[in-house]
Amino acid sequence: MTPLNKNKNKNDKSNKKRFEKGTVRRVLRMLRPELPFLLLSLLFAAISSILLLIIPLLTGNAIDLMIGKSNVDWNGVVQISIQIGVCVALTALSQWLMNVLNNRMAYGLVYRLRKEAFEKLQKLPLSYLDSHSVGEIVSRMMTDAEQFTEGLLLGLNQFFTGMITIFGTIGIMLAIKPSVAVVVIFITPLSLFVASFIASRTYQFFQKQSKVRAEETAMIDEYIGNHKVVAAFGQEENAQKQFDEINGRLQKCSLKALFISSTTNPSTRFVNNLVYAGVALVGAMLCLPLGAAAFTVGRLTAFLSYATQYTKPFNEISGVVAEIQNSLACAARLFELLDEEPILPDAPNAVVPDSVTGSVTLTDVAFSYTPERELIRGLNLQVAPGQRVAIVGPTGCGKTTIINLLMRFYDVDAGCISIDGNDIRDLKRASLRASWGMVLQETWLRAATVRENIAMGKPEATMEEVVAAARAVHADSFIRRLPQGYDTVLGENGGSLSQGQKQLLCIARVMLAPPPMLILDEATSSIDTRMELKIQNAFAELMRGRTSFIVAHRLSTIQEADVILVMRDGKIIEQGSHETLLQKDGFYAHLYNSQFES
């Protein structure tokens with residue numbers, strides 16, 4: 001290996017260690033609100049562990065009271081049995097209370113994590129959502145959050161009780177017989193070595209497992225959401241192959257992670273048996289007549305029990321270390337989401353305009369989604385209040401991008417966009433978006449009633465207003481044919497409604513609370529021609545006196561627009577009314593004629 005590669009590996013390892021330490025510190029900060037419950041849980045864990053340590057000592061004392069067949073101190077044995085019963089009952093109560101507190105902490109922590117993650121999603125720029133699959137985000141918020149909290153809190157309690165048990169048993173064994181305790185202590189470093197060796201190799205496997213699991217979740221989510229398309233193109237076999245490939249990788253990652261972590265039990269159990277055998281051998285020799293006065297059978301029984309209790313936590317702690325490593329891997333993926341750069345906040349002096357007339361100006365606007373691929377450059381446009389502006393052009397020319405910029409889903413790279421003379425970056429986002437009404441080609445309906453979906457932008461709307469909006473877009477008739485009419489609960493994203501029916505409900509949503517300006521992005525693309533003529537009349541009434549931007553591929557729908565912008569390669573190459581552009585016999589005329597050729 002070259003010196004350069006060695007330095008690179010050293011840097012990678014140091015960066016990884018810093019990353020892991022940062023994750024641990026952040027996890028500890030997240031536990032602060034749960035600190036009272038955590039301390040109580042640890043207290044009950046300590047009580048449980050101490051009581052379990054007392055029981056072997058009491059058992060040994062009871063055995064020593066049974067000297068011979070007719071030489072048994074029954075009164076003493078009964079008293080000790082009662083004491084053992086009390087210890088067992090208090091241990092059970094302590095463990096129950098500990099579990100109640102652990103569940104309270106786990107669900108409280110997972111609640112806060114998911115709440116923070118969902119709040120973060122509301123603040124992330126659209127570019128993040130465009131570049132990450134839904135399944136991956138869902139996996140981080142659901143699976144990783146749950147595994148992190150459950151594994152962490154379970155691990156902390158087991159680790160704490162294990163440490164109490166280890167130090168408690170050592171103390172008692174030293175008090176009973178130091179010479180036998182030395183045998184146990186001498187073999188202890190072997191258990192510690194085994195545990196640390198395995199733990200150091202566990203984290204990377206669990207981290208890889210989390211990543212592949214998120215990839216599989218994303219693939220399943222994508223397949224379920226687009227099953228009709230997969231079936232229509234006969235791609236079921238390819239989808240199955242893709243799933244099998246990812247599922248195979250997940251299996252390998254999981255097996256490696258589980259194999260490494262599962263080696264702790266047999267490895268430490270082997271060490272435990274060595275400890276037990278050593279204690280039994282040395283203790284039995286001390287119980288011979290030569291050392292009978294110093295070491296009784298009862299004490300040996302207690303000692304063997306403590307030896308077992310002493311070594312058992314090493315099994316648990318080794319498993320706990322693997323569990324905590326898995327939790328930290330899940331936490332790291334969650335923190336990556338929470339640490340994403342949020343959308344730029346509103347300017348400190350951002351304003352909410354008293355009213356919006358609808359004057360829109362684009363001045364030397366430049367924008368690209370990626371630096372290496374320029375999309376829009378030097379775009380200038382002046383729209384008067386109440387004008388209907390249609391945007392046409394080939395796919396990928398920047399039509400929908402202009403809509404994204406107007407709504408400030410993305411910010412311009414250069415130039416500015418103004419509404420009524422105010423740069424939109426100087427307006428509060430909420431007020432800017434409230435000034436626009438949008439009907440998009442991609443419909444979105446909540447899993448709620450028809451009425452609630454139409455009234456999304458105006459929840460306080462009366463039933464009469466909702467019905468009037470539905471009638472305006474000719475949706476009332478099919479709504480009344482639904483099982484419960486306007487109170488019919490729709491499934492996810494409209495359930496069994498046709499695409500055209502879903503689009504009508506989205507149009508009715510805007511009709512109910514029309515804002516000062518409108519954006520119609522292929523708003524009638526899923527509606528048949530006959531219904532489209534009726535909707536156009538409704539839109540004409542809706543757009544009267546309102547600045548409107550209409551993106552359309554069907555040029556028959558925009559002939560009444562005041563201005564038609566013809567875009568190509570991110571630039572406006574033609575501009576004018578329908579008749580004017582036809583007379584120019586340019587690019588627009590070519591597009592129009594190609595749609596209406598025989």
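Visitor: What is the relative accessible area of Arg249?
Guide: Arg249 has a relative accessible area of 29%, and is therefore partly exposed. Buried means under 20%, exposed over 50%, and partly exposed in between, with a 1.4 Å probe and protein chains only as cover. This is a predicted model, in which local features need pLDDT of at least 70 and side-chain atom pairs 80 or more, while totals for chains, interfaces and linings use all residues. Residues are numbered from 1 along each chain as its sequence is written, and side-chain values use heavy atoms, leaving out hydrogens and water.

Visitor: What does the side chain of Arg249 meet in a salt bridge?
Guide: Its partner is Glu215, at 2.7 Å from N to O. Glu215 lies in helix H7 (residues 203-225) and Arg249 in helix H9 (residues 236-262), so the pair ties together parts that are 34 residues apart in sequence. Glu215 is partly exposed, because its relative accessibility is 35%. A salt bridge here is a side-chain nitrogen of Lys or Arg within 4 Å of a carboxyl oxygen of Asp or Glu. Helices (H or I, at least four residues) and strands (E, at least two) are DSSP runs, numbered from the N terminus.

Visitor: How many salt bridges by that rule?
Guide: The count comes to 17. One of them joins the side chains of Glu146 and Arg114, at 3.4 Å from N to O. Glu146 is in helix H5 and Arg114 in helix H3, so this pair ties together parts 32 residues apart in sequence. Glu146 has a relative accessible area of 36%, so it is partly exposed. Arg114, at 22%, is partly exposed too.

Visitor: And what about Lys458, which residue does its side chain meet?
Guide: Glu465, in a salt bridge of 3.1 Å, N to O. Lys458 is partly exposed at 21% relative accessibility, and Glu465 is partly exposed at 31%.

Visitor: Which residues are linked in a network of salt bridges?
Guide: Glu34, Arg104 and Arg112 are linked that way.

Visitor: New topic. Which residues make the nonpolar surface patch?
Guide: Val78, Ile82, Val86, Leu90, Leu93, Trp96 and Val100 make a patch of about 660 Å². Patch residues have over 30% relative accessible area and no salt bridge; nonpolar side chains (Val, Leu, Ile, Met, Phe, Trp, Tyr) are joined within 5 Å, like charges within 9 Å. The areas come from the Shrake-Rupley method with a 1.4 Å probe, and for residues only the protein chains shown count as cover.

Visitor: Where does Leu90 lie?
Guide: Leu90 is in helix H3, residues 74-123. At 40% relative accessibility, Leu90 is partly exposed. As background, an α-helix has 3.6 residues a turn, so residues three or four places apart point the same way.

Visitor: Thr169 next. Buried or exposed?
Guide: Buried, because its relative accessibility is 0%. Thr169 lies in helix H5, residues 134-176.

Visitor: What does the side chain of Thr169 reach?
Guide: The backbone oxygen of Thr165, at 2.7 Å. Leaving aside residues up to four places away in sequence, Thr169 touches Leu53, Tyr306, Gln309 and Tyr310; contact means heavy atoms within 4.5 Å.

Visitor: How many residues of helix H12 are buried?
Guide: 7 of the 8 residues of H12 (residues 399-406) are buried, so this helix is largely enclosed by the rest of the structure. Lys399 and Asn404 are among the buried ones. After H12 comes Arg408, with a positive phi near 60°.

Visitor: How many aromatic pairs?
Guide: The count comes to 5. Phe367 and Tyr369 form an edge-to-face pair, 4.9 Å centre to centre with 85° between the planes. Rings of Phe, Tyr and Trp (its six-membered ring) pair if their centres lie within 6.5 Å; planes under 30 degrees apart count as stacked, over 60 as edge-to-face, and the rest as tilted.

Visitor: What about the rings of Tyr369 and Tyr410?
Guide: Their centres are 5.1 Å apart and their planes at 85°, so that pair is edge-to-face. Tyr369 lies in the loop between strand S3 (360-367) and strand S4 (376-383), and Tyr410 in the loop between H12 and strand S6 (414-419), so the pair ties together parts 41 residues apart in sequence. Ring pairs link Phe367, Tyr369 and Tyr410 into a cluster. Phe367 is buried at 4% relative accessible area, Tyr410 is buried at 12%, and Tyr369 is partly exposed at 40%.

Terms used. Polar contact = N/O pair within 3.5 Å; in protein donor to acceptor, adjacent residues only side chain to side chain.
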